[in-house]
Amino acid sequence: IAGITQAPTSQILAAGRRMTLRCTQDMRHNAMYWYRQDLGLGLRLIHYSNTAGTTGKGEVPDGYSVSRANTDDFPLTLASAVPSQTSVYFCASSREAGRYNEQFFGPGTRLTVL
Amino acid sequence: GDSVTQMEGPVTLSEEAFLTINCTYTATGYPSLFWYVQYPGEGLQLLLKATKADDKGSNKGFEATYRKETTSFHLEKGSVQVSDSAVYFCALSPLEAGGTSYGKLTFGQGTILTVHP
């Protein structure tokens, strides 16, 4: 079934550790996005990529980095995790970057930083 | 900057009741507006959208009309079902400087809907 997969499903991480959240889509979408979801705040954009080889910063990029080496994969890395990065992380994709295009979301990764 | 404000939740209704979830936005130009729904334990999925003023988006009995004069995009359903219990997010995608758009979504805080039989 076509869609977006994220791994891991959940993770408990010690503060200061490095962590990479994986995201893969098989819809050949050009644009991909990372959001974090926090209670009472909705979803906030961390980083985005309009096409393979390009990335951009969203609303809350500090402490996170991304890469887009190919169309399908868009990993999110926390270089040195802090407790404030405890959240649910969603990866999303759309056929093209643009305000008319529907975004498709993965099932999320629940991350707890202690 | 751009922002989306949803009505305070949670909302609890009986089956077959009328639903309204208010959403207002602040943005320059003409953003596209969306309602996304998140069922328990799942990611978000698009419920409906509208891309210009006076457009009405509709899906699964839900409707919302893009009102530029009141900067609103309220979600309505005439008769809710238990299966509609979920979290509903209003979102906008702006038209950015220079007329470009990168499809970045700005979300409201979400409204939890619980429907009882």
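**View 1. Pairing of β8 and β9 in chain B.** Within this predicted model, Ala64(B) has Leu75(B) of β9(B) as its bridge partner. The two strands concerned, β8 (residues 62-65) and β9 (residues 75-77) of chain B, run in the antiparallel sense and are joined over 3 bridges. In general, strands of a sheet pair through backbone hydrogen bonds, in either a parallel or an antiparallel manner.

**View 2. The open sheet of chain B.** Seen as a whole, the sheet is open and consists of 4 strands in chain B, arranged in the order β3-β9-β8-β7 with antiparallel pairing. Because β3 (19-21) and β7 (56-59) of chain B stand at the edges and each have a single partner strand, one side of each is left without a neighbour in the sheet. From one strand to the next, the twist averages 15°.

**View 3. The contact between chain A and chain B.** The contact draws 21 residues from chain A and 24 residues from chain B, and the two chains bury about 1800 Å² between them, with 54% of that area on carbon and sulfur atoms. Between chain A and chain B there are 0 salt bridges, while 2 residue pairs, both at pLDDT 80 or more, are in polar contact.

**View 4. The side of chain A that touches chain B.** On this side of chain A, β4 (31-38) and β5 (42-49) each supply at least two residues, and β5(A) gives the most, with 4 residues. By residue class, the side of chain A that touches chain B divides into 11 nonpolar, 8 polar and 2 charged residues.

Methods. Residues are numbered from 1 along each chain as its sequence is written. Chains are lettered from A and ligands numbered from 1 in the order in which they are written. This is a predicted model: local features need pLDDT of at least 70, side-chain atom pairs count only at pLDDT 80 or more; totals for chains, interfaces and linings use all residues. Side-chain values use heavy atoms; hydrogens and water are left out. Contact means heavy atoms within 4.5 Å. Buried area is the accessible area (1.4 Å probe) that two parts lose on being put together, summed over both. A salt bridge is a side-chain nitrogen of Lys or Arg within 4 Å of a carboxyl oxygen of Asp or Glu. A polar contact is a pair of N or O atoms within 3.5 Å; within protein, one must be able to donate a hydrogen and the other to accept it, and residues adjacent in sequence count only if both atoms are side-chain atoms. Ala, Val, Leu, Ile, Met, Phe, Trp, Tyr, Cys and Pro count as nonpolar, Asp, Glu, Lys and Arg as charged, and the others, Gly among them, as polar. Two strands pair if DSSP finds at least two bridges between them. Axes are lines fitted to C-alpha atoms, for helices over the stretch in contact, and angles run from 0 to 180 degrees between N-to-C directions.
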